[in-house]
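Work through the exercises below with the sequence and the 3D structure open. Try each task before reading its solution.

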Amino acid sequence: MSYTVENLEKSMAKITITVSAEDFEAAMVKAYNKNKKSISVQGFRRGKAPRKMIEKLYGPEIFYEDAANFAIPDAYEEAAKECGLDIVSRPEIDVVDIGKDKEFVFTATVAVKPEVELGEYKGLEVTKREVKIMAADVNAEIDKVREQNSRMITVDNRGIKKDDTAVIDFEGFVDGEPFEGGKGEDYSLVIGSHSFIDTFEDQLVGKKTGDDVEVNVTFPEEYHAEELKGKPALFKVKVKEIKKKELPKADDEFASEVSEFETLKEYKASVKKSLTERKKAEVKREKENEVVEKVVENATVELPAPMVDEQTQQMIQEFAGRIQQQGLSFEQYIQMTGMTPDALMGQMKPEAEKRIKTRLTLEAIVKAENIKATAKDIEKEIENMASMYQMEVDKLKEMLGDTEKEQIAMDMAVQKAVDFLVKEAVEVEAAPEEEKEEKAE
């Protein structure tokens, strides 16, 4: 195998790879062994026809495609390792020359890691942020816990109010005829949730248990069922039960039930401490994001299209995984939303570009400032990973190859670069709202 490299515009490169005649002949033999059982030759049992006979009848071209598929992966992998390019995309393969008893030549067009021209990145201004937890913040957090420990109780002495849950039977009619999907029994509807169309929920307010109600609504023009779009509908509703949410009282008994503390005062102190730590982490992230965004804005880099496409595809796969965890396949999501895969690609592309540019810029700062992760840093990170995956450290180390360890080292160096940028940044007071508005204009 031999190769040549041609550098192209916009961080692209073309590798021309030549496979020797001997190696291509070996690939032809593999192609023959793969296909011989499916090729019929008169006078021979299936799979027993000699290769020369098959090539005489059908031409050696019958094996070229599979032979190329056998030859390309190993040859490309070897050339990619030896050529010294920092390849950041899958190769686009084109066959240049193929034939029996001759060298096999193909090209692999790839995106390579682009150069970053750093702008100003030291001493950038970032907004000063305070970590301040008020009593209202603590109470709001406790109210969330009260909400989680609430219970539903039945209401008999009044009509339906906002935030109540009405247990109903219903059937819908359009033009006097029931329609598919318009009927339900013992349905729990939270009033004010807007989970039903138009003013459906509003028309139940004030109704009591046992009431029969006629609810008139109009389906929206953009409704998913074509036959119901913009149509007026009548729902016959039976109110079977009214429930309201009852929250536990915030007192010492509540504190002892939901925490390790015996008094509400102690529990509040613990909640305030937890909120303070959370707020500190939030402020740290906000400060990091602000300074990194400014550094990236100041940097110049031209991203090769295949690199962006690959990152976008990866993001779509991650999104599909999250959708699947919610019980919905990616195909169902596409069907329900009317979103095409191409439209989703277009929607995610700007974020993909932002992610790539951010990473490349931070890696450029790692290089410019000679920032490195120490062996101790890497060891600690592997220990953290082992703990996360509930594995023994030594077992995880055995699983990690050199490439994975290099990636861990770079990830840690990038985080150190972020810490460096934050340390170099200058905190300034936030501009008054009037000044912000003037700048926006």
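Axes are lines fitted to C-alpha atoms, for helices over the stretch in contact, and angles run from 0 to 180 degrees between N-to-C directions. Helices (H or I, at least four residues) and strands (E, at least two) are DSSP runs, numbered from the N terminus. The model is predicted, so local features need pLDDT of at least 70 and side-chain atom pairs count only at pLDDT 80 or more, while totals for chains, interfaces and linings use all residues. Residues are numbered from 1 along each chain as its sequence is written, and side-chain values use heavy atoms, with hydrogens and water left out.

**Exercise 1.** Determine how the axes of helix 10 and helix 12 cross, and which residues make the contact.

Step 1. Helix 10 covers residues 375-388 and helix 12 covers residues 402-424; their axes come within 10 Å and cross at roughly 105°.

Step 2. Angles under 35 degrees count as roughly parallel, over 145 as roughly antiparallel, 65 to 115 as roughly perpendicular and the rest as oblique. Helix 10 and helix 12 are therefore roughly perpendicular to each other.

Step 3. Contact means heavy atoms within 4.5 Å. Helix 10 contributes Asp-377, Ile-378, Glu-381, Ile-382 and Met-385, and helix 12 contributes Ile-408, Ala-409, Met-412 and Lys-416.

Step 4. Ala, Val, Leu, Ile, Met, Phe, Trp, Tyr, Cys and Pro count as nonpolar, Asp, Glu, Lys and Arg as charged, and the others, Gly among them, as polar. By these classes, the contact of helix 10 with helix 12 has six nonpolar, no polar and three charged residues.

**Exercise 2.** Decide whether Ile-382 is buried or exposed, and list what Ile-382 touches.

Step 1. Locate Ile-382 in helix 10.

Step 2. Buried means under 20% relative accessible area, exposed over 50%, partly exposed in between (1.4 Å probe, protein chains only). Ile-382 has 4% relative accessibility, so this residue counts as buried.

Step 3. Leaving out residues up to four places away in sequence, Ile-382 touches Val-393, Leu-396, Lys-397, Leu-400 and Ile-408.

Step 4. Asp-394 lies 12 residues from Ile-382 along the chain, and their C-alpha atoms are separated by 9.5 Å.

**Exercise 3.** Describe the setting of Lys-10 and state its phi.

Step 1. Lys-10 is in the loop between strand 1 (2-8) and strand 2 (12-19).

Step 2. Its phi is near 55°, a positive value in a residue other than glycine.

Step 3. With a relative accessible area of 53%, Lys-10 is exposed.
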